[in-house]
Amino acid sequence: MSPRRQRGEQLMVERAEFTSYYGRPVIKAPSWSARDIAGYFFLGGLAGAGSVLAAGAQLTGCRTTATAMKLSSLTAVSLSAAALVHDLGRPARFSHMLRVVKPTSPMSVGSWLLAAYGPAAGAAALSAVTGRAPRTGAAATGVAAALGPALAVYTAVLAADTAVPAWHGAHRQLPYLFAASATAAASGMALVAAPRAENAPARWAAGIAAAGDMLAATAAERDLGPLVAETWRQGHGGRLLRAARVLTLAGGAGAALLAGRGRPAAVASGFALLAGSACTRFGVFAAGIASAQDPKYVVVPQRARLDAQDSPDRL
């Protein structure tokens, strides 16, 4: 605080009121396609968390579950890469991002994560299906499991590193939300694909993930403040996030209480968890775009921060 403010001097001019030029957005909204990039967020989370579950299933002797999750992760990461390349417009643009390594750039780190994870997931799935090169397959499974958590949550860091109010304002909680959402999706896939005799770990993971998802989403809205949190509660983003809560809670409860009693309940719970995770990613994406397009979500919080700095309690 300046010495003049410490002496309590009165301002000689009126405080500036922040407005936007003819009501136009203060910041430029990302030009990302919702279908491509929100889909990339979801599929990357499913792939990364799925590799962790696959490694755990392999270590505990649940071979059917391990193979199913390896195939799921390979499919998900392939589709996520296709969605990313489609949004970029040309495949060469992805390879151009691998020309340098920049640890301070979430985009650069994510590109290298995807480039390293994809072959490992492919080798793990190929070995599991063919039964060949078991040692190579085991090593690839371990590499995919090690990279999986980073792949599942780096997109949260990528989004929070922007100036978009509904993403940046929740930068402390967004990685936890994406981690819980990814775990819910992977455990849901395991419930759908695995036999009932092997789905106990997935049921536990689903219950924990559903609880973590609710806690992280609530904390994220609190960090955003009452104004910016509107984008998580209203409009297209709000509808998707409300659906995500219902589906995730229903899937988590069904997995914990009913999935062990029969295959139909396990499959229904799994699909609910998958749908809930997808709604979370698409809902957060939609909320971010809405917050970037409306000037009030940038102007009003900035005005509030300046008012707090000028309050008598700080003089």
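Student: Hi! Where do we start: how many cavities of 30 Å³ or more does a search of the whole structure find?
Tutor: Hello! The search finds 2 cavities of 30 Å³ or more. Keep in mind that this is a predicted model.

Student: How much space lies in the largest cavity?
Tutor: The largest cavity holds about 60 Å³ of space.

Student: And which residues line the largest cavity?
Tutor: Its lining is made up of Ser51, Ala54, Lys70, Ser73, Leu74, Ala121, Ala124, Thr141 and Ala144. By class, these divide into 5 nonpolar, 3 polar and 1 charged.

Student: Which helices supply at least two residues each to that lining?
Tutor: Helix H2 (34-59), helix H3 (63-88), helix H5 (106-130) and helix H6 (134-160) each do. The largest share, 3 residues, comes from H3.

Student: OK, what about the second largest cavity? How much space lies there?
Tutor: About 40 Å³ lies in the second largest cavity. The residues lining the second largest cavity are Leu177, Asp213, Ala217, Trp232, Leu241, Ala244, Arg245 and Thr280. Two or more of these residues come from each of helix H9 (200-228) and helix H11 (235-257).

Student: Which helix gives the most to it?
Tutor: H11 does, with 3 residues of the lining of the second largest cavity. Sorted by class, that lining has 5 nonpolar, 1 polar and 2 charged residues.

Student: Switching topic: where is the place of glutamate 221?
Tutor: Glutamate 221 sits in helix H9.

Student: Is glutamate 221 buried or exposed?
Tutor: Glutamate 221 counts as buried, because its relative accessibility is 9% and the cut-off for buried is under 20%.

Student: So what is glutamate 221 in contact with, leaving aside neighbours within four places in sequence?
Tutor: Glutamate 221 is in contact with Ala229, Trp232, Arg233 and Arg245.

Student: Nice link! Now alanine 133. What is its phi near?
Tutor: Phi of alanine 133 is near 50 degrees, a positive value in a residue other than glycine. Most residues other than glycine have a negative phi.

Student: Where is alanine 133 found?
Tutor: Alanine 133 lies in the loop between H5 and H6. With 43% relative accessibility, alanine 133 counts as partly exposed.

Student: Let's do helix H8. Why does its span agree with what it should be?
Tutor: Helix H8 (residues 174-193) has 20 residues, so at 1.5 Å a residue the helix should span 28 Å. Its end C-alpha atoms are 28 Å apart, which agrees.

Student: Is H8 mostly covered or mostly exposed?
Tutor: H8 is mostly covered, with 14 of its 20 residues buried.

Student: Last thing, the whole fold. How many helices and strands does the chain have?
Tutor: The protein chain has 13 helices and 0 strands. Of its 315 residues, 46% count as buried. Among contacts with a separation of 6 or more, 77% come from residues 24 or more positions apart.

Key. Residues are numbered from 1 along each chain as its sequence is written. This is a predicted model: local features need pLDDT of at least 70, side-chain atom pairs count only at pLDDT 80 or more; totals for chains, interfaces and linings use all residues. Side-chain values use heavy atoms; hydrogens and water are left out. Helices (H or I, at least four residues) and strands (E, at least two) are DSSP runs, numbered from the N terminus. The expected span of a helix is 1.5 Å times one less than its number of residues. Buried means under 20% relative accessible area, exposed over 50%, partly exposed in between (1.4 Å probe, protein chains only). On a 1 Å grid over the protein atoms alone, a cavity is a set of points where a 1.4 Å probe fits but cannot get out, and a pocket is an open set with protein on both sides within 12 Å along at least five of seven lines; lining residues have an atom within 4 Å of a point. Grid points are joined across faces, edges and corners, and a volume is the space filled by probe spheres set on the points. Ala, Val, Leu, Ile, Met, Phe, Trp, Tyr, Cys and Pro count as nonpolar, Asp, Glu, Lys and Arg as charged, and the others, Gly among them, as polar. Contact means heavy atoms within 4.5 Å.
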